[in-house]
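Biologist: I am new to this model. Could you walk me through it, one question at a time?

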Amino acid sequence: MKSSDPYRPDDREQEPFERRARELWREAARQVDPTTAGRLRAARRGALQAARVPVRHATRWLIPTGAVAAIALAALMIWQPLPRAPASMQAHQTASATPEADNELPPDAEKVDPALYQNLDFYAWLAANDSQPVNR
Amino acid sequence: MSTLAGTLDADVPARDRLGDVRETPATLDAFLAQVERRAFRMAELQLRQREDAMDAVQDAMLRLVRHYRDKPAAEWAPLFWGILRRRIVDLQRRRKVRSIVVGWLGGGRDDDGDELPAWEPADPGQDPLGRLHDLESYADMAAAVRKLPTRQREAFILRMLEGLDVAETAQAMGCAEGSVKTHLSRAMHQLRDQLEDWR
């Protein structure tokens with residue numbers, strides 16, 4: 001039976017309602033099946049055991065320290081490049097690296113004066129005579 | 001204040017409103033042993049899935065022990081129920097997201113184009129209600145509580161079933177004490193309507 005104003009229930013009615021709800025709630029908790037109860041116990045022990053295991057401070061600090069070190073190294077590489085080789089060695093490396101050094105012909109025929117190709121026989125004769133010793 | 005919520009305010013420390021003595025356990029182990037089964041019931045009631053309920057309780061235990069073991073024992077109850085409540089909400093949100101994804105993939109509607117109910121995982125376990133002495137009454141109450149809006153349901157379980165006082169309930173729910181009273185008042189009103197023949 002309900003009171004006339006549901007927002008002002010009679011306390012004599014309200015208490016049995018709450019009590020009944022609470023009893024059923026407690027009973028439902030008690031009636032948890034053995035498997036579930038065992039798993040709950042295991043979960044509780046696991047949680048308590050996890051709290052007992054000391055946190056490894058080394059592991060805790062290793063990641064941030066490593067990250068900072070990596071960032072510092074990257075910054076160092078950007079702002080202070082590797083030392084340059086001596087100028088002579090660098091020049092040699094540059095010369096040997098260019099294809100012109102190993103090839104007597106100009107690399108790009110289109111950019112060269114076409115007149116050079118008109119007297120190739122003359123240049124070949126000149127090169128042959130130039131390599132022979134002069135006997136005078 | 002003469003509202004129903006007002007009548008629910010008379011908190012007696014260490015003793016809940018129905019006369020059950022609430023002893024503060026000396027150790028975390030004792031506290032968790034005291035609440036673990038009811039915590040499971042609360043999670044199960046809201047999640048409707050035993051494995052998810054077990055996960056939620058396990059996670060709540062772990063978080064309480066890890067982060068709050070040094071707190072005074074009197075604070076464990078609201079902290080624990082608050083953690084568990086948030087975990088349940090997280091799991092419910094995850095399910096909602098999963099339902100949305102299933103809907104996007106075309107699985108949210110049946111052959112006639114009608115929207116299917118939200119996805120819920122299958123529960124392969126044995127029905128725990130089958131073991132209850134007062135099966136029908138608990139089933140009625142559980143069904144009525146499940147129909148309540150989330151905040152009203154939380155207020156009813158924590159305040160009325162679990163016996164936390166208003167301040168503890170507010171702490172666990174992360175809201176003001178006035179909000180607890182309002183939610184509880186509405187929950188009681190709705191439950192009384194639904195369970196009129198139940199008493």
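Biologist: In what order do the elements of chain B run from the N terminus on?

Modeller: Bear in mind that this is a predicted model. Chain B has eight helices and zero strands. From the N terminus, the order is therefore α-α-α-α-α-α-α-α.

Biologist: What does B:F80 touch, leaving out residues up to four places away in sequence?

Modeller: B:F80 is one of the buried residues of α4(B). B:F80 is also among the residues with the most contacts inside the largest nonpolar core. Its partners, beyond four places in sequence, are B:V35, B:A60 and B:L64.

Biologist: How far apart are the end C-alpha atoms of helix α4 of chain B?

Modeller: Helix α4 covers residues 76-104, which is 29 residues. At 1.5 Å a residue, the helix should span 42 Å. The model agrees, so the distance between the end C-alpha atoms is 42 Å.

Biologist: Which helices do the buried residues of α4(B) pack against?

Modeller: The buried residues of α4(B) include B:W76, B:W81 and B:I88. They pack against helices of chain B, namely α2, α3 (50-68), α6 (150-161) and α7 (166-173).

Biologist: Is B:D165 buried or exposed?

Modeller: B:D165 sits in the loop between α6 and α7 of chain B. A residue counts as buried if 20 or more other C-beta atoms lie within 10 Å of its own. B:D165 has 23 other C-beta atoms within 10 Å, so B:D165 is buried.

Biologist: What separates the C-alpha atoms of B:D165 and B:E177?

Modeller: Along the chain, B:D165 and B:E177 are 12 residues apart. Their C-alpha atoms are separated by 9.8 Å.

Biologist: Now chain A. How wide an arc do the buried residues of α2(A) cover around the axis?

Modeller: The buried residues here are A:T36, A:L40, A:A43, A:R44 and A:A47. They lie on the same side of α2(A), because they cover an arc of only 95°.

Biologist: Which residues are exposed on the other side of α2(A)?

Modeller: What covers the buried residues of α2(A) includes α2 and α3 of chain B. On the other side, the exposed residues are A:P34, A:T35, A:G38, A:A42, A:Q49 and A:R52.

Definitions and conventions. Residues numbered from 1 in each chain as written. Chains lettered and ligands numbered in written order. Predicted model: local features only at pLDDT ≥ 70, side-chain atom pairs only at ≥ 80, totals over all residues. Helix = DSSP H or I, 4+ residues; strand = E, 2+ residues; numbered from the N terminus. Core = buried A, V, L, I, M, F, W, Y, C linked by C-beta atoms within 7 Å. Buried ≥ 20, exposed ≤ 12 C-beta atoms within 10 Å, placed from the backbone. Contact = placed C-beta atoms within 7 Å. Expected span 1.5 Å × (residues − 1). Arc of directions from axis to C-beta.
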